[in-house]
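Visitor: Please take one part of this structure, the place where its chains meet, and look at it closely. After that, I would like to see how the surroundings are built, in one connected account.

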Amino acid sequence: MARSRQRLVLSAGMDSIGVALRRRPKPVEQLIRGLLFFCATVSVLTTIGIVWTLLSQSLLFFKQVNPFEFLTGITWQPQIGEFGVLPLVTATLITSLIAMLIALPVGMAIAIYLAEFATERVRSILKPVLEVLAGVPTIVYGYFALTMVTPVLRSIFGQETVGFYNMASAGIVMGILILPLVASMAEDALSAVPQSLRNAAWAMGATRLEVTFGVVIPSALSGILAAFILALSRAVGETMIVAIAAGAGPKFTLNPFAAAETMTGHIVRISGGDLSYDSIDYDSLFAIALLLFIITFGLNILSRKIVRRFGEGAA
Amino acid sequence: MKNTEMARRLSRRRNLGKVLQLVFLSLTILAVLVLGVLLGNIIDRSFGISAIEYVSKYEDISADGALLEDSDDTALIETIVLNLRPRTLDAFEAEKPLDQRTRVELLEILEKELLQPSVVRSWSLMESLFARKAVNAELQELWPDAKARWRSWVRAELLLGSQSMDPLYAGIRGAIIGTFITILITMFVALPLGVGAAIWLEEYAPDNRLTRFIQTNIYNLAGVPSIIYGMLGLSIFVRYLVNVTQGRTILSAALTLAVLILPIVIINTQEALKAVPQSLRHASLALGASQWQTIRHHVLPACMDRILTGAILGLSRAIGETAPLVVVGASTFLTHDPSSVFDRFTTLPVQIYQWTSLPGDAWRNLAGAAILVLMILLLGLNSFAILLRNRYRKEMKA
């Protein structure tokens with residue numbers, strides 16, 4: 001079959017040779033293309049793996065524990081069969097909130113300074129510093145929280161007020177961790193604002209600061225908002241800092257100076273110990289992970305939606 | 001009248017601008033300072049004075065009551081023979097006869113088995129340097145028997161020593177070997193897959209729903225918290241593929257990390273491929289090269305520097321990851337160094353985490369020293385990336 005077609009092509013002159021080459025790519029080319037496609041599908045398999053793992057194990061858990069009780073209970077004590085996830089959720093929220101309180105103002109200040117005020121020279125020094133901050137492993141931040149920030153907090157507010165393990169210290173350091181993310185994403189958004197807008201405002205007699213706050217920031221708002229949301233998602237999923245500095249043992253408290261365990265911190269502590277695979281404790285970790293996944297996934301989608309919907313209009 | 005009013009307003013607006021600019025600048029400097037404090041804190045913890053107490057003193061247990069400094073090798077052996085339990089003594093003799101050992105080896109046995117030092121308190125570098133009086137006062141008041149010694153926690157024994165339950169002797173050899181083997185496998189799995197996926201998405205993929213779905217999916221995966229990857233690894237690699245990976249082994253850890261950095265590698269490589277001008281591809285295709293020939297001989301070489309940088313960024317992320325490895329099941333204590341991919345594992349960040357969680361000053365010092373090693377390792381890797389990139393750029397230009 002292939003031979004006969006080849007003979008046909010040969011007899012048909014130059015034109016048909018071109019056609020034949022286009023129609024029948026070499027098998028090696030096809031093979032490579034297939035291999036590369038397989039590589040691309042691995043990411044889809046990963047997602048399927050994550051969703052399937054979390055769902056199937058959580059289902060085992062929810063067969064024994066009412067989902068409503070799981071979401072509204074305020075005690076997490078697997079030993080006595082109490083699986084209320086709220087203590088873990090509140091601790092996650094408090095640490096993330098403290099982190100955002102640190103990272104948002106400082107990150108925005110850095111972004112504004114870099115995008116609107118800094119000279120090229122200053123920028124070329126500061127940006128690498130931010131990159132270094134972003135590249136430090138989170139375990140190092142955890143160590144920093146426990147050995148540096150906690151003692152400082154305790155000497156400021158008193159040993160009785162601030163626990164040896166506390167959410168405030170973890171939250172502050174988490175703020176430092178997400179600071180480069182906020183700063184660099186917000187700076188990108190500010191820099192993307194067309195120069196003509198600034199020029200127009202300057203021509204109207206606005207000062208540099210008025211240009212920044214009256215024109216640049218409003219037009220970059222969607223990008224900035226997306227950066228904030230992504231940073232929040234990162235804070236919610238951050239593990240090692242809270243595992244080291246925020247304390248062990250789920251506790252329902254709103255006091256930032258008290259010790260409490262976050263969702264991520266709990267997963268790491270329990271799975272780090274000896275855990276039998278067929279226990280409800282094991283399955284409960286997957287239920288927590290599922291909740292965590294839903295929260296961070298939702299925040300990420302929201303962040304990307306905002307960029308897509310409003311980002312194009314501003315640029 | 002009007003003019004002065006306007007001038008006053010103008011100067012007020014300008015001043016407000018100057019003040020706020022100053023605020024922005026000082027907050028930026030603050031961030032730089034934080035980095036300094038972070039590094040300073042680690043160094044501060046890695047060196048300093050330690051108060052060491054001994055279970056027994058040499059002059060109390062020695063055969064002739066002499067001080068350690070005055071005793072020669074024979075006296076040391078005599079003391080060891082006199083005090084050591086017969087079974088332990090036999091074990092040492094079987095390993096290497098005492099009279100053939102050097103003085104350093106004898107002192108080591110003496111210290112570990114008989115004198116048994118332990119750190120009761122350690123001070124940071126700053127305290128040791130600038131508050132020496134307070135240190136001495138505290139020492140005399142609380143631990144009159146303890147000896148104050150300068151100690152660098154970053155030492156050869158830390159790098160070469162095996163795990164130990166005693167902070168004075170614990171080392172990170174096993175953790176370093178574990179890190180290297182894990183990262184090597186992660187690299188061999190994640191780089192080909194990641195670069196391949198990026199090439200398909202940038203060079204081959206038609207603009208249809210499937211492609212857009214895969215692309216969105218990759219962005220979403222990049223935002224999934226690392227601990228979720230740990231759960232994935234625990235459930236898939238450790239439990240379901242137990243016949244392949246043998247459970248909580250280096251292989252499981254490496255595969256988990258590979259899946260974790262895959263989206264990062266893909267996105268970085270895509271950025272690199274996007275930066276290659278379209279005209280290069282057109283020129284190659286116009287000369288009759290096939291698509292793969294175009295990619296292989298023209299597109300990839302043109303952006304190899306960027307791909308390598310992206311890949312190394314991904315690997316440094318993998319080196320520093322802790323949470324997923326703890327979840328996958330890093331060992332708390334290794335009895336022997338990992339030598340194959342089916343061995344139980346620990347890595348440098350996991351070791352740091354475990355040491356930080358232990359009570360006592362000495363473990364914190366040790367963790368600080370280990371962090372210093374980790375940071376130097378990462379710094380080395382990143383410098384290597386920059387070097388590689390510069391060299392590649394030069395070659396391309398030549």
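Guide: Two residues are taken to be in contact if their C-beta atoms, placed from the backbone, lie within 7 Å. With that criterion applied to this predicted model, 68 residues of chain B are in contact with 65 residues of chain A. On the side of chain B that touches chain A, helix 1 of chain B, residues 2-46, gives the most, with 20 residues. By class, the residues on that side of chain B comprise 46 nonpolar, 17 polar and five charged.

From the interface one can turn to the division of each chain. The domain assignment of chain A gives domain 1 as 2-64 and domain 2 as 76-314, and the centres of these two domains, taken over C-alpha atoms, are separated by 40 Å. Their contact takes eight residues from domain 1 of chain A and eight residues from domain 2 of chain A; on the domain 1 side, five of the residues are nonpolar, three are polar and none is charged. Chain B, for its part, is divided into domain 1 (47-152) and domain 2 (173-397), with 45 Å between the centres of the two, again over C-alpha atoms.

For A:Ala231, if neighbours within four places in sequence are left aside, the contacts are A:Met100, A:Ala103, A:Ile178, A:Leu181 and A:Val182.

Helix 10 of chain A, residues 208-219, shows how burial can be arranged along a single element. Its twelve residues reach 16 Å from the first C-alpha to the last, close to the 16 Å expected at 1.5 Å a residue. The buried residues of helix 10 of chain A are A:Leu209, A:Val211, A:Thr212, A:Val216 and A:Ile217, and they lie on the same side of this helix because they cover an arc of only 140 degrees around its axis.

B:Ile267, placed in helix 13 (residues 250-274) of chain B, counts as buried because it has 21 C-beta neighbours inside 10 Å, where 20 or more are needed. Apart from neighbours within four places in sequence, B:Ile267 is in contact with B:Ile218 and B:Ala222, while B:Asp99, 168 residues apart from B:Ile267 in sequence, is 63 Å apart from it in space, C-alpha to C-alpha.

A:Ala258 is found in the loop between helix 12 (240-245) and helix 13 (263-272) of chain A, and with 19 other C-beta atoms within 10 Å it is partly exposed. A:Ala258 and A:Gly163 are 95 residues apart along the chain, yet their C-alpha atoms are separated by 5.7 Å; not counting residues up to four places away in sequence, A:Ala258 touches A:Gly163, A:Asn166, A:Met167, A:Lys251 and A:Thr253.

B:Asp145, finally, sits in the loop between helix 7 (132-142) and strand 3 (147-152) of chain B, and it is exposed, since 11 other C-beta atoms lie within 10 Å. The C-alpha atoms of B:Asp145 and B:Ala258, 113 residues apart along the chain, are separated by 52 Å.

Definitions and conventions. Residues numbered from 1 in each chain as written. Chains lettered and ligands numbered in written order. Predicted model: local features only at pLDDT ≥ 70, side-chain atom pairs only at ≥ 80, totals over all residues. Helix = DSSP H or I, 4+ residues; strand = E, 2+ residues; numbered from the N terminus. Expected span 1.5 Å × (residues − 1). Buried ≥ 20, exposed ≤ 12 C-beta atoms within 10 Å, placed from the backbone. Arc of directions from axis to C-beta. Nonpolar A, V, L, I, M, F, W, Y, C, P; charged D, E, K, R; others polar. Domains from an automatic or database assignment.
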